[in-house]
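Hi,

Here is the structure I promised to pass on. Have a look at it, and my notes follow below.

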Amino acid sequence: MHPNASHPGPAPASLCLLRLSALGDVTHVLPLVHTLQKAWPDLPLTWIIGKGERRLLDGLPGVDFVEYDKSTGLAGMRVMHRELLARNGGRRFDVLLQMQVAARANLLSAFVPARRRIGYDHARSRDLHGLFINERIPARSGIHVLDAIGSFCEPLGLKQTDVAWNLPVPDDAHAWAAAQWPDDGRPALLISPCSSHVRRNWYPERWAALADHADDAGWRVVLCGGRSQLERDTGDAIAAQSRAPLLDLIGKDTLKQLPALLARATLVATPDSGPMHIANAMGAKVLGLHAASNPRRSGTYSDLSFSVDRYDDAARKFLGKPGDALKWGTKIEFDDVMALVTVDDAIAAFERRRAQLVACGNS
């Protein structure tokens, strides 16, 4: 039986987390951080993280971030090793939580001086992950990525029972988001159309059709996204094919302003992407579009009510078997897989959110 946060076991002297990327994935680590801090408020936590992810989480209380730049290769790993020793008083960490199984992350973990090295179970391991750890989390199939990460506290005698994100968002970021459109009671559909995995992305003409439907329903429609050429081109294509007056904020926010912007939306529409998970962490309702990935594993953790799930259809079409017959976590990133998500699917999901608002007495 696991001790709870009121009666935890003995605290490690020091603990290091390794999760470099990506933006959505690091939000899944936040509940684990809060579980550890609730059990052991004085436990020093060091988190090895990527540069962009550090910007998103900067200001997280009680966490000492160490950035690793993937472009620095082995030389950067040696620098990181020296920095970790310096920050931990020249000593090894009591515990390393190695929460990323990609080859680079596995190699990077070898440069983390730690006594206990906790990694994934055999089913989730790959790229020689087992060579870099000496303990494993419990093997559980069919669970969300966030719950798998949450189970990293179990070898330490804890159990993650509460899920809270508490993403650090400064007041000036909320002020910026509040200034982008008037607080006039009109609901807002915020479309974040791009994932970094291009085969997860929907089509501009379909986004435009959803935008037009929302506009006809009296909603404000907002576009958001980063500064990449893909995101700019996608936004331009949506605007060119939509008759709705779109508020285009693509490339205009920072990583600190993005969570505040997503939190203002009545509904955030997006494929499986970083903004999907950041929006969920901020308490926003999400219209997630899924065909290439399984929403039960990597969809919005809090609420899938407004998502579109064509994963089973994709499995049958591209892999010749039902989704439930696939290994948990299988991606179906084929060309045109997102064609399985229709405009009617997205409109139906939008209308579910709209009906909820009406039932609650909102427009």
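Two strands count as paired if DSSP finds at least two bridges between them, and the helices (H or I, at least four residues) and strands (E, at least two) are DSSP runs numbered from the N terminus. This is a predicted model, in which local features need pLDDT of at least 70 and side-chain atom pairs count only at pLDDT 80 or more, while totals for chains, interfaces and linings use all residues. Residues are numbered from 1 along each chain as its sequence is written, and side-chain values use heavy atoms, with hydrogens and water left out.

First, the sheet. Six strands form an open sheet in the order S3-S2-S1-S4-S5-S6, with parallel pairing. Strand S3 (63–67) and strand S6 (135–136) are at the edges with a single partner strand each, so one side of each has no neighbour in the sheet. Within the sheet, S4 (residues 93–98) and S5 (residues 114–119) pair in the parallel sense over four bridges; phenylalanine 93 has alanine 114 in S5 as its bridge partner.

Helix H2 (residues 30–39) packs on this sheet and touches strand S1 (15–18), strand S2 (45–49), S3 and S4, where contact means heavy atoms within 4.5 Å. The direction of H2 makes about 165° with that of S2; axes are lines fitted to C-alpha atoms, for helices over the stretch in contact, and angles run from 0 to 180 degrees between N-to-C directions. Helix H4 (residues 73–87) also packs on the sheet, touching S2, S3 and S4, and its direction makes about 160° with that of S3.

Next, a helix pair. H8 (residues 204–216) and H9 (residues 229–241) pack at about 55° with their axes 8 Å apart. The two are therefore oblique to each other (under 35 degrees is roughly parallel, over 145 roughly antiparallel, 65 to 115 roughly perpendicular, and the rest oblique). Pro204, Glu205, Trp207, Ala208 and Asp212 in H8 meet Thr234, Ala237, Ile238 and Gln241 in H9.

Finally, the aromatics. The whole structure holds six aromatic pairs, counting rings of Phe, Tyr and Trp (its six-membered ring) with centres within 6.5 Å; planes under 30 degrees apart are stacked, over 60 edge-to-face and the rest tilted. Tryptophan 165 and tyrosine 301 have ring centres 6.2 Å apart and planes at 75°, so this pair is edge-to-face. Tryptophan 165 sits in the loop between helix H6 (145–150) and helix H7 (171–178), and tyrosine 301 in the loop between helix H12 (295–298) and strand S12 (308–309), so the pair ties together parts 136 residues apart in sequence.

Best wishes
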